[in-house]
Amino acid sequence: MTLTINFCEKCGTKIYKEGTADDFKGLFIVQAGTLDGEGGMGLDDVDVKAELWVKERVKWLGAREGLGQMQEFS
């Protein structure tokens with residue numbers, strides 16, 4: 001599988017990843033910290049399916065109840 005990393009054109013921040021495997025078609029792995037709602041999208045504006053790297057979740061984000069969760073993502 002190829003994993004493509006997409007960056008912000010203005011500041012270079014990593015925003016999301018796309019995988020080429022069939023299981024990843026139409027899915028995006030989004031850096032949650034980029035969805036702050038300031039001048040763009042917030043967490044409530046996207047259809048979140050799962051949390052990855054839960055063990056590294058920032059304290060201000062909090063758990064998203066009812067979602068698939070993985071402590072790490074490899």
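Author: This is a predicted model.

Reader: Which residue does Tyr16 face in β3 as its bridge partner?

Author: The bridge partner of Tyr16 in β3 is Val30. Tyr16 also has a residue opposite it in the other direction of the list: Asn6 stands opposite Tyr16 in β2.

Reader: Where is Asn6 found, and is Asn6 buried or exposed?

Author: Asn6 is found in strand β1. Its relative accessible area is 19%, so Asn6 is buried; the cut-off for buried is under 20%. Leaving aside neighbours within four places in sequence, Asn6 is in contact with Thr13, Lys14, Ile15, Tyr16, Lys17 and Glu18.

Reader: How do I read the pairing of β1 and β2?

Author: As a general idea, side chains in a regular strand alternate between the two faces of the sheet. In this model β1 and β2 pair in the antiparallel sense, over five bridges. The two strands form a hairpin with six residues between them. In the turn, Gly12 has a positive phi of about 85°.

Reader: How many bridges join β2 to β3?

Author: Two bridges join them, and the strands run antiparallel. Strand β2 covers residues 14-19. Besides Tyr16 with Val30, Lys17 stands opposite Ile29 in β3.

Reader: What is the order of the strands in the open sheet?

Author: The order is β1-β2-β3, three strands with antiparallel pairing. β1 (3-7) and β3 stand at the edges and have a single partner strand each, so one side of each is left without a neighbour in the sheet.

Reader: How many helices and strands does the protein have?

Author: The count is zero helices and five strands. From the N terminus on, the elements run β-β-β-β-β. The C-alpha trace spans about 30 × 30 × 20 Å along its principal axes. Of the 74 residues in the protein, 14% are buried. Among contacts with a separation of 6 or more, residues 24 or more positions apart account for 6%.

Reader: Now the aromatic residues. How is a pair of rings described?

Author: A pair of aromatic rings is described by the distance of the centres and the angle of the planes. Here the count comes to one aromatic pair. The ring centres of Tyr16 and Phe28 are 5.4 Å apart and their planes are at 80°, so the pair is edge-to-face. The cut-off for edge-to-face is over 60 degrees.

Reader: Which parts does this pair tie together?

Author: Tyr16 lies in strand β2 and Phe28 in the loop between β2 and β3, so the pair ties together parts that are twelve residues apart in sequence. Phe28 counts as partly exposed, at 48% relative accessibility.

Reader: Where does Gln31 lie, and what does Gln31 touch?

Author: Gln31 lies in the loop between β3 and β4. With a relative accessible area of 26%, Gln31 is partly exposed. Not counting residues up to four places away in sequence, Gln31 touches Lys14, Ile15 and Lys17. Gln31 and Lys14 are 17 residues apart in sequence, and their C-alpha atoms are 7.2 Å apart in space.

Reader: How does one look for empty space in a model?

Author: Rolling a probe the size of a water molecule over the atoms shows where empty space is left. In this model the largest pocket has a volume of about 990 Å³. Of the 29 residues that line the largest pocket, the closest to its centre are Phe28, Ile29, Val30, Ala50 and Leu52. The elements that give two or more residues to this lining are β3 (29-30) and β4 (50-51).

Reader: How do the residues of the lining of the largest pocket divide?

Author: They divide into 18 nonpolar, three polar and eight charged.

Reader: What is the volume of the second largest pocket, and which residues line it?

Author: The second largest pocket has a volume of about 200 Å³. Its lining residues include Ile15, Tyr16 and Val30, and also Thr34, Leu35 and Asp36. The residues of this lining divide into five nonpolar, four polar and two charged.

Technical notes:
Residues numbered from 1 in each chain as written. Predicted model: local features only at pLDDT ≥ 70, side-chain atom pairs only at ≥ 80, totals over all residues. Heavy atoms only, no water. 1 Å grid on protein atoms, 1.4 Å probe; cavity = no way out; pocket = protein on both sides within 12 Å on 5 of 7 lines; lining within 4 Å. Points joined across faces, edges and corners; volume = space filled by probe spheres on them. Helix = DSSP H or I, 4+ residues; strand = E, 2+ residues; numbered from the N terminus. Nonpolar A, V, L, I, M, F, W, Y, C, P; charged D, E, K, R; others polar. Pairing = 2+ DSSP bridges. Phe/Tyr/Trp six-rings, centres within 6.5 Å; stacked < 30°, edge-to-face > 60°. Buried < 20%, exposed > 50% of the residue type's maximum accessible area, 1.4 Å probe, protein only. Contact = heavy atoms within 4.5 Å.
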